[in-house]
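Please open the model in your viewer and keep the sequence panel beside it. The tour below moves from one selection to the next.

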Amino acid sequence: MHPQVGAQMGRRRFLALSAGGAAVGASALSGCAMRVSTGVSGSGETVTVMVNSGDILPEQVRQAKKALGIKIVLVKYDITKLIAMLTSGNPPDLVRGVGAVDAPFFAARDVAEELDPYFARSGVLKLDDLDPVNDLWRYDGRTQGKGPRYGMAKDFSQDSMYWYNTAAFDKAGVDRPSETEPVTYEEWQDTAKRLVQRENGQTTVFGGSYAGLTRATLLTTMTASAGGSLFNDDFSRVDFTTPEARKALTWYIDYCRTRVGPSLIQPDPNGWDGPTYQAGRLAMSNAGYWMGGMIYPDKKLAKVSRLAPAPVFAGGPRISACQGGTGLWMPRGAKNKDAAWRVFEWFFGEEPAKARAAGGWGIPTLKSLRSLMPGQEEYEKRVLRVQESELKHFSVVSFTPYTRADAVDALFNQIAPAAMNGQISVGTLAGRLNSAINDQLKRGKEQVA
């Protein structure tokens with residue numbers, strides 16, 4: 001049974017929101033009965049949407065007003081403000097979230113509305129049209145990827161795939177990767193060593209970047225690629241000392257130690273791969289399909305850019321996961337649920353979704369929109385062939401509901417540089433990460449229980 005509408009959260013529930021350093025999530029703020037869309041468009045109503053700049057553009061707000069008769073009020077995504085709105089019983093109607101890591105966190109804290117009844121009645125978002133990546137937004141109380149739907153991804157990439165610059169390969173006399181067969185992680189790093197360029201002790205061209213969206217999701221995915229799981233069965237503990245997690249951690253620390261690419265001990269001056277790759281100072285970029293939206297407008301760069309399958313560990317399964325799946329979820333305490341759902345349908349299935357698909361900024365999460373992906377130019381067709389083949393290897397890699405990825409990253413960033421600099425062994429690092437992260441997970445589980 002959920003707390004009554006407008007009920008104030010107890011201290012325990014409020015702490016559960018703040019677990020892990022960066023606060024998110026909340027308790028339910030609705031009554032026991034789930035409100036289901038009546039099919040009313042919500043014309044004349046106002047829907048508050050908390051998003052980052054650029055998620056919904058001003059012209060799209062005007063478009064929604066004209067097409068739906070609904071006024072969208074945009075609120076800048078801010079974790080502190082979100083907590084205040086949730087705890088006061090006056091949350092936004094829709095909120096930005098990252099499915100790969102946020103869905104279990106929100107669901108476990110009873111903050112997100114179950115959307116299955118809405119999907120069941122929708123003429124826009126049909127279940128058989130949903131890409132499997134939307135399973136990131138499902139959680140059954142134990143495992144991500146199963147159970148009720150709590151949100152939807154606006155677009156996605158398989159984030160272990162990587163772009164590479166053929167000119168850099170040809171200049172160094174290095175064979176280009178296969179478009180269909182993945183290299184091993186070890187081969188990827190060996191290639192990066194051959195591609196890196198240095199001058200007077202400074203790196204002028206990175207051989208490759210491999211950081212993932214967060215270190216938490218990167219290491220979780222890599223451990224799965226080695227054939228294991230970073231978490232125990234109920235996701236209440238991590239163990240970096242298992243053979244599979246140790247293999248992933250060792251690889252990543254070696255990547256940092258060799259300084260072939262950006263890391264905590266060798267930061268990218270641009271802060272992320274995009275501008276560095278555009279400038280020809282990065283030979284390989286661990287960014288999935290979505291970065292094509294940045295590459296394609298530069299015809300010269302587009303012609304020398306290729307997308308390659310996600311690497312594998314020798315003997316491990318071929319896994320090509322999504323570490324993001326950014327989209328929207330609806331708080332249980334939202335006041336305008338029917339109108340919010342109509343905006344949800346419009347954003348994920350109508351004009352905004354079509355525009356995103358055509359721009360190359362991600363794979364549409366409705367299979368019916370795939371035909372809109374850029375595919376006119378020969379380089380676009382080549383990328384599409386690689387991406388379509390890779391989709392067969394997608395799987396949900398579950399994340400813990402007991403903390404946030406950025407909170408795990410904060411601990412990793414404190415502890416790991418010593419190993420990257422060769423001051424401690426990977427074994428010592430694994431033990432220290434276990435201690436710090438498991439303490440955080442323990443607190444998170446106690447607050448959710």
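A polar contact here is a pair of N or O atoms within 3.5 Å, where within protein one must be able to donate a hydrogen and the other to accept it, and residues adjacent in sequence count only if both atoms are side-chain atoms. This is a predicted model, in which local features need pLDDT of at least 70 and side-chain atom pairs count only at pLDDT 80 or more, while totals for chains, interfaces and linings use all residues. Residues are numbered from 1 along each chain as its sequence is written, and side-chain values use heavy atoms, with hydrogens and water left out.

Select Arg-404 to begin, in the loop between helix H15 (378-390) and H16; helices (H or I, at least four residues) and strands (E, at least two) are DSSP runs, numbered from the N terminus. Its side chain is joined to that of Asp-102 by a polar contact of 2.9 Å, and another, of 3.1 Å, links the side chains of Arg-404 and Asp-406. Arg-404 counts as buried because its relative accessibility is 12%, buried meaning under 20% relative accessible area (1.4 Å probe, protein chains only).

Next, select Arg-149, which lies in strand S5 (residues 144-149). Is Arg-149 buried or exposed? With a relative accessibility of 11%, Arg-149 counts as buried. Leaving aside neighbours within four places in sequence, Arg-149 is in contact (heavy atoms within 4.5 Å) with residues including Glu-113, Asp-116, Phe-119, Asp-135 and Trp-137.

How values were computed
Buried means under 20% relative accessible area, exposed over 50%, partly exposed in between (1.4 Å probe, protein chains only).
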